[in-house]
Amino acid sequence: MITEIAKLTIDPANADIFEAAVKEASAVLRAAEGCHHMALERVIEDPAQYRLMVQWDSVDHHMVTFRESEGFKQWRALAGPYFAAPPVVEHTETVGRFF
């Protein structure tokens, strides 16, 4: 299992409608093959910054299966209009859980 961490920048004046759009778009990710969890967090120190964290079976489930699907187009149509900059995406894997 891997975690996609997308660094998203939006105009803070659009925070409420952006968060509502992501909530609506969560149904698309819930239905995506290989997707297990999705969370959106706002950076306290910079309200223009969000982190979208999505757990996938593999990087390919995110970067190939999902990115080439109609679901990705739906996700971007809902959330994408609020991006003030292109998302920056990283993939991580857990190497230890200590408590």
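Good morning, colleagues. I begin with strands β1 and β3, which run antiparallel and are joined by eight bridges. Within this pairing, Leu-8 stands opposite Tyr-50 in β3. Please bear in mind that the model before you is a predicted one.

Let me now widen the view to the sheet. Four strands make up an open sheet, with antiparallel pairing and the order β2-β3-β1-β4. The edge positions belong to β2, residues 35–42, and β4, residues 88–92; each has a single partner strand, so one side of each is left without a neighbour in the sheet. On average, and ignoring direction, neighbouring strands are turned by 15 degrees against each other. Across β1, β3 and β4 lies helix α2, residues 59–66, which runs at about 140 degrees to β4.

I turn next to the nonpolar core. The largest one has 21 residues, and Leu-8, Phe-18, Leu-29, Trp-56, Phe-66 and Trp-75 have the most contacts inside it. At least two residues each come from β1, α1, β3 and α3. Helix α1 gives the most, with six residues. As for Leu-29, beyond residues up to four places away in sequence, this residue touches Cys-35, Met-38, Val-54, Trp-56, Phe-66 and Trp-75.

Finally, consider Ala-79, which is placed in helix α3, residues 70–79. Is Ala-79 buried or exposed? Its relative accessibility is 0%, so Ala-79 counts as buried. Leaving aside neighbours within four places in sequence, Ala-79 is in contact with Phe-18, Ala-21 and Val-22. Along the chain, Ala-79 and Glu-19 are 60 residues apart, while 8.5 Å separates their C-alpha atoms. Thank you for your attention.

Terms used. Residues are numbered from 1 along each chain as its sequence is written. This is a predicted model: local features need pLDDT of at least 70, side-chain atom pairs count only at pLDDT 80 or more; totals for chains, interfaces and linings use all residues. Side-chain values use heavy atoms; hydrogens and water are left out. Buried means under 20% relative accessible area, exposed over 50%, partly exposed in between (1.4 Å probe, protein chains only). Contact means heavy atoms within 4.5 Å. A nonpolar core is a set of buried Ala, Val, Leu, Ile, Met, Phe, Trp, Tyr and Cys residues joined through side-chain atoms within 4.5 Å. Two strands pair if DSSP finds at least two bridges between them. Axes are lines fitted to C-alpha atoms, for helices over the stretch in contact, and angles run from 0 to 180 degrees between N-to-C directions.
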